[in-house]
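Visitor: I would like to learn how to read features from a set of coordinates. Please take me through them step by step.

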Amino acid sequence: WGLLLFTAALALGGMAAARCPTPCVCDNLRAHVLCLNRNLTSMPSTIPQLTKKLDLRGNSFAVIPVGAFLTTPYLTHLDLQRCKVERLEEGAFRGLGRLVYLNLASNSIALLYQESLDGLSSLQQLILEGNHIEEIQPGAFGHLGSLTVLDLRGNALVYLPDMVFQGLQVLRWLRLSHNALHVLGSEAFATLPALRRLSLDHNELQALPGEALARLDGATWLDLGHNPITYVAEEALAMASLEHLFLDHATLQDVAPDAFARSPQLRTLDLRENQLQGLPPLAGTGELARVSLAGNPLLCSCLLRPFHDWLARARVQVEGACAAPPALRGRPLDSLRPPEMRCVRPRLSPSPTAPSEQLRAAGSGQCPQGCTCSPDFRHGSCENRELREIPRGFPGDTRLLDLHRNTFGTVPPGAFLGLKELVSLHLQSCGIGALRPGALRGLESLVYLYLTDNHLSTLVATAFEGAPQLAYLDLDHNAFAHLPAGAFQLLPNLISLHLQHNAIGELAEGDLAGAGGLRWLYLAGNTIRHIAPTALAPAKMLEKLHLEGNRLTEVPTAALRGLPALGELKLSQNPIKHVGDNAFLPVASSLQHLYLDNMGLERISPHAFAGLGPKIRSLYLESNKMSIIPDMSNFTGLEILNLRDVPFRCDCQLLPLHRWIEKLNLRVGATCGSPAEARGLKVKFSATFQTCPGWGRGEAGGASPDKTKAAHKPSKKKRLGRSPARGFKKNRA
C-alpha cells in the first residue's frame with residue numbers, strides 16, 4: 001500500500017508541477033486538460049506529461065502534424081471535434097500507445113493516408129463522423145488491432161475497395177451510414193472476423209451487396225435502410241449468423257421467396273415504408289419471429305393468401321395494414337381471415353392513398369400508364385410489364401429508372417429525352433440486341449447503366465453520345481465475341497466495365513481505346529486465349545483486372561506492363577500449368593491481391609514472384625497440383641494465404657515453407673500429399689521434417705538458409721528438447 005500511495009503521489013506531483021497551458025483548464029486530480037473553443041491554431045506546448053484525458057474541441061488546427069502528442073504519452077482519451085482539421089499527417093498520433101478513445105468528428109478530413117493512424121495500438125473507439133472523407137487508402141487501419149468501434153458516418157465515401165478494413169481483427173461495430181456508397185468490393189469486409197454490427201443505411205446502394213456481405217460470418221445486425229434497393233433476388237443474402245435485418249425506407253418492389261434462405265438465423269425483418277404490394281412465403285427462415293411491413297401499399301387479395309397462411313404456420317408476427325381493396329383498407333394483416341382475401345383485378349400501380357407511394361405529377365411530366373413513379377425518391381419503374389417499346393413521359397426529375405424484364409429488342413435514338421437528371425438506368429433482361437446511335441442522348445447525368453442479360457454483340461461509340469458522366473457500365477451475360485473496339489471513346493469518366501460471361505476470345509490492340517480512366521475491368525467467364533501486349537495499355541489507371549474462368553495458358557505478363565496502379569489480378573480457373581520467372585514483375589510495385597487458384601497449376605518457377613513483397617495482402621493458390629512453391633519469406637504483409645487442396649511433398653525440400661508457415665498467424669490449409677506416411681497431415685504440424693538436416697538450427701521464414709534475411713533470424717528457442725509433433729499441435733491456429 002505504501003508503494004501504491006507513493007506512486008500516486010508522484011503522479012499527482014508531476015501533474016501539479018507541470019504548468020497548465022494559459023487558455024486551458026486543468027484538473028490535476030483526474031489528470032484532465034480542457035482547452036475548449038479557444039481558437040488555438042497549434043497544439044499547446046505545456047500540457048502536463050501525465051495527462052490522461054485531453055479535450056481540444058472547437059479549435060482551429062487545420063493540420064495535425066507528425067508527432068503532435070509525443071509529449072503526452074499517457075493519454076487515454078483525446079477529443080478533437082470541430083477543430084477544422086483538414087489533414088492528418090502520417091505519424092500524427094505516434095507515441096499514443098495508451099490511447100483508447102479518439103474523436104475526430106465534424107472536421108474537414110478528406111483522405112486517410114496509410115500511416116495517418118500509426119501508433120494507436122490500444123485504440124478501441126475511433127470517431128470520424130461528419131468529415132469529408134472520399135477515399136481510404138489501403139492499410140489506413142492496419143495498426144489498429146484493438147479497435148472495436150469505427151464510426152465513419154456522414155462522410156463522402158462512394159465505394160469501398162477490397163481489404164479496405166484490413167487489420168481490424170477485433171472490430172465489432174462498423175458505422176457507414178449517411179455516405180454516398182454505390183459500390184462495395186467483393187472483399188471489402190473480408191478481414192473483419194469479429195464484426196457483429198454493420199450500419200450501411202442512408203447510402204446509394206441500388207442492389208443488395210450480397211457478395212461483400214457473405215464475408216461476415218459472425219455479423220448479427222445489418223442495417224440497409226434508406227437505400228434505393230428495388231429488388232432482393234434469390235439467395236441474395238448469405239450471412240450465417242444474421243439475426244436482425246433492416247431494409248426499411250428503400251424502394252423495394254419485390255422480394256424473392258428464397259431471398260433469405262442462406263441466412264437461417266434471421267429473427268427480425270424490417271421492410272417498412274417500401275413499395276411492396278405483397279410478399280411470398282419466405283423459405284429457409286425457420287427462426288424468423290417478426291416481419292414489419294407498415295407503410296407499404298399492400299394489396300390484400302387472394303394473391304397475398306400464401307404469405308398470410310405462411311405467417312400463421314410459421315408463427316411469425318407481422319406489422320402492416322392493407323392499402324387495397326377499398327373494403328379492407330386500413331385492416332391489420334394479422335386480423336384478416338382467408339375468405340376476406342378475394343381475388344380482384346390487380347392494380348398496375350399502388351393505391352393513391354398508400355402512405356409510402358402516391359402516383360402524381362412530378363417535375364414536368366406524368367408517370368406513363370402501367371408504370372409507377374415515386375416523387376419522394378424520384379424513381380420510376382416499369383419492371384416486368386411485357387412492354388415492347390420504351391415508355392416515355394417520366395417526370396423530368398427522375399433519378400432512377402427501372403425497366404428490366406421487358407422485351408424492347410432495341411433502344412432507339414433519343415429514347416430517354418427529357419431525363420437530364422437520370423443517374424441510374426436498369427435495362428437488364430430486356431431482349432436488347434442493339435443500342436442505336438444516340439440511344440442515350442440527353443442523359444447528361446447518367447452514372448450507372450445496367451444492360452445485363454441481353455443479346456448485344458456489338459456497340460458503337462455514338463450509342464453513348466450525350467452521356468459523358470457514365471461511370472459504371474454492366475454488359476455481363478450478352479453475346480460479345482470481342483470487346484467493342486472504340487465504343488468507349490465518348491466515355492471519359494468510365495470507371496467500371498463489366499463484360500463477364502460473354503464469348504470474348506481475345507483482347508486486341510485498340511479494344512480499350514478511350515478508356516483512360518478505367519479502374520475496374522471484369523472479364524470473367526469468357527473464352528479469352530490471348531491478350532495482345534498493348535491491349536490494356538490505354539487503361540493506365542486500372543486497379544482491378546478479373547480474368548478468371550477463361551482459357552489462358554500462361555500469365556499475360558507482357559500485357560501487364562504499363563499498369564502501375566493494378567492492385568488486384570484474378571487468373572483463377574484458367575488452364576495455366578506453369579508460372580514462369582518474373583511473371584508479375586510489371587505490376588510488382590502495386591499488386592496486393594493475386595488469385596491463382598483452381599488452375600491445375602503444376603509448377604511455379606523459383607523466381608515467379610520476383611519483385612513481389614510486403615505489399616501483397618492476399619494470395620490464393622488453392623486447388624492446384626504443384627508439390628512445392630517458391631520462397632515467399634518477404635511476403636510480410638500477408639493477411640490471407642490459401643494453400644488448401646495442394647498435394648505438397650513433405651520432404652526436406654519443403655522445410656523452409658514449413659518453418660515459414662509455422663510462424664505465420666494465418667490459417668493457410670496446407671496439407672501433405674506425399675510421402676505416404678505424411679499424407680493428409682498439415683504441413684505446419686507434420687513431424688516428417690524433424691529428420692531433415694538442420695532441423696535443430698531453427699532457421700525462420702520461408703527462405704533457404706542462404707536467403708534468410710536479417711528480419712528472420714534463427715529462433716532462440718531450442719527445438720531439440722521437445723516432441724515437435726506435440727508442440728505444433730498446441731500452437732495450432
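Guide: Start with contact, which means heavy atoms within 4.5 Å. Ser116 touches Leu88, Glu89, Glu90, Ala92 and Phe93, leaving aside residues up to four places away in sequence.

Visitor: What kind of model is this, and how are residues numbered?

Guide: The model is predicted: local features need pLDDT of at least 70, side-chain atom pairs count only at pLDDT 80 or more, and totals for chains, interfaces and linings use all residues. Numbering starts from 1 along each chain as its sequence is written, and side-chain values use heavy atoms, with hydrogens and water left out.

Visitor: Where is Ser116 found?

Guide: Helices (H or I, at least four residues) and strands (E, at least two) are DSSP runs, numbered from the N terminus. Ser116 sits in the loop between β8 (111-112) and β9 (125-127).

Visitor: Is Ser116 buried or exposed?

Guide: Buried means under 20% relative accessible area, exposed over 50%, and partly exposed in between (1.4 Å probe, protein chains only). Ser116 has a relative accessible area of 0%, so it is buried.

Visitor: Which backbone oxygen does the side chain of Ser116 reach?

Guide: A polar contact is a pair of N or O atoms within 3.5 Å; within protein, one must be able to donate a hydrogen and the other to accept it, and residues adjacent in sequence count only if both atoms are side-chain atoms. Here the side chain of Ser116 reaches the backbone oxygen of Leu88, at 3.3 Å.

Visitor: How many disulfides does a search of the whole structure find?

Guide: A disulfide is a pair of cysteine sulfur atoms within 2.5 Å. The search finds 7. One of them joins Cys20 to Cys26, S to S 1.9 Å.

Visitor: Why is the disulfide of Cys20 and Cys26 right-handed?

Guide: The torsion about its S-S bond is about 90 degrees, so the disulfide is right-handed. Cys20 is partly exposed at 25% relative accessibility. Cys26 is partly exposed too, at 22%.

Visitor: What about Cys650 and Cys672?

Guide: Their disulfide also has an S to S distance of 1.9 Å. With -95 degrees about the S-S bond, the link is left-handed. Cys650 lies in the loop between β44 (647-649) and α4 (655-663) and Cys672 in strand β45 (residues 671-674), so the pair ties together parts 22 residues apart in sequence. Both Cys650 and Cys672 are buried.
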